[in-house]
Amino acid sequence: MQINNLINTLPDKFLKKTTKFLMKQEQSESLSHARFVQDTVTNLIPKATFARSFADLSENSFQEIGESVLVYYTPKLLGNGVFRPIYQKGLDAAAKQKISTPMTVLNKELSPDKIKEIKPIKAAIAASCMVIPLAEYALCYLKNLFTLKMFHQADFNNIANLNKDKTEHKEKQEKVKKSAINHMLGAAAAFGGCLLTSLLLVKKGKNSDALQKLSDLILTPGSVFFKNNEKKAATVNKYFSLDFRDDKGKLSLSHGQLTACVLLGGAGYFGSSADRGKQNFLETLFRFPLVGFYVVTGSEMFERGFKKILKKRENFKDTISDDLKVPSYKDLPELAQKLAAKNKTTVEAEFQKLCKQKALISSVPFLFGMLFMGMFVAGVSRAFTQYRYNQEQKNMPSNLIERAKIKSAV
């Protein structure tokens with residue numbers, strides 16, 4: 001029986017829609033759609049819920065939506081649509097098809113001569129796509145300019161509605177503006193360096209030992225640093241390689257690229273928040289490491305732990321294997337038929353049970369991300385910021401407070 005026909009037999013409309021959505025996500029090996037939803041829910045919705053002013057809401061919406069689009073969609077767009085067609089021109093048809101295959105796989109499949117030809121091209125594409133994390137870094141400073149232009153505010157105490165008189169210091173505004181422009185220019189210069197490196201890899205990479213080694217560092221850093229430890233090499237390759245993921249012959253966002261975005265984005269977050277004041281920096285210091293870790297690998301770890309718990313339950317023994325793998329939706333009709341014969345039930349009943357179990361396996365980690373990593377962390381970080389600010393004001397002598405207000409008004 002076809003899976004679409006079985007989905008139509010599901011009595012619950014919510015389960016039917018959930019199954020169709022999850023099946024669509026599963027059909028693509030790309031991290032983009034799922035990560036976009038996860039990141040937006042984990043970051044933007046909680047920030048919007050706990051927004052302290054319209055300026056706070058606007059700048060967070062500007063940054064989070066821009067960041068999510070930038071991180072989760074432009075790697076595939078630039079990789080496939082811009083850099084791949086340009087850099088792979090010198091390859092034959094067979095080699096061009098291999099560009100989307102991760103280097104860890106190609107090292108086992110191709111001859112050394114073919115690897116020498118393809119590897120620098122893949123590295124060049126990956127290096128050029130460093131524009132993504134660099135743009136995310138710059139976006140943190142662009143957000144400061146956005147708030148300064150739209151709301152004429154550069155002091156975080158005013159943006160977060162901590163300081164009720166909302167007095168702005170012109171000198172601070174100029175400092176924030178100058179810093180933002182300088183850091184954005186620095187990111188542009190860094191991208192220029194990546195672009196030049198890419199062109200060098202394309203032109204000279206095949207016959208240069210140095211560029212071959214550089215390609216290895218870009219595409220398989222774990223294999224470079226842990227040649228004699230396969231497990232460590234695989235872990236480093238997964239989380240720090242700039243190589244793309246293969247999505248049915250297309251280049252797609254990988255874990256390593258996501259890590260690069262989080263790390264460079266974090267540098268931008270900390271730097272831009274420090275420009276706007278102590279409380280902005282401390283709030284970022286509390287929140288970013290937790291959310292950043294969860295986005296890169298924490299969600300995976302939580303899901304794996306949750307599967308281990310479910311695996312111990314009798315009714316999940318057919319849904320979760322010993323290695324914690326879950327059958328794909330395309331395999332559910334056949335599995336439902338086997339279970340129906342074994343349990344003397346109907347295929348439709350078994351299929352419904354399997355869909356509910358798969359929905360549970362996916363939804364609990366998602367809700368954890370939204371409720372704990374999103375709502376709880378956002379709420380607590382804002383409460384701590386207000387508390388620190390109040391304590392700072394209490395500990396400041398009254399004459400210093402008056403002097404600070406006078407100085408801000410100048």
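Biologist: Is L219 buried or exposed, and why?
Modeller: Happy to start there. In this predicted model, local features need pLDDT of at least 70, side-chain atom pairs count only at pLDDT 80 or more, and totals for chains, interfaces and linings use all residues. Residues are numbered from 1 along each chain as its sequence is written, and side-chain values use heavy atoms, leaving out hydrogens and water. Buried means under 20% relative accessible area, exposed over 50% and partly exposed in between, with a 1.4 Å probe and protein chains only; because L219 has 1% relative accessibility, L219 counts as buried.

Biologist: Which helix holds L219?
Modeller: Helices are DSSP runs of H or I with at least four residues, and strands are runs of E with at least two, numbered from the N terminus. One such run covers residues 209–219, and L219 belongs to it, so the name you want is helix α11.

Biologist: Which residues does L219 touch, not counting those up to four places away in sequence?
Modeller: Contact here means heavy atoms within 4.5 Å. With that cut-off, the partners of L219 are M103, K119, K122, A123, A126, S241 and D243.

Biologist: How far apart in space are L219 and K89?
Modeller: Along the sequence, 130 residues separate the two. From C-alpha to C-alpha, L219 and K89 are apart by 20 Å.

Biologist: What share of the protein chain is buried?
Modeller: Let's look at the whole chain, which has 18 helices and 2 strands. Of its 410 residues, the buried share is 46%.
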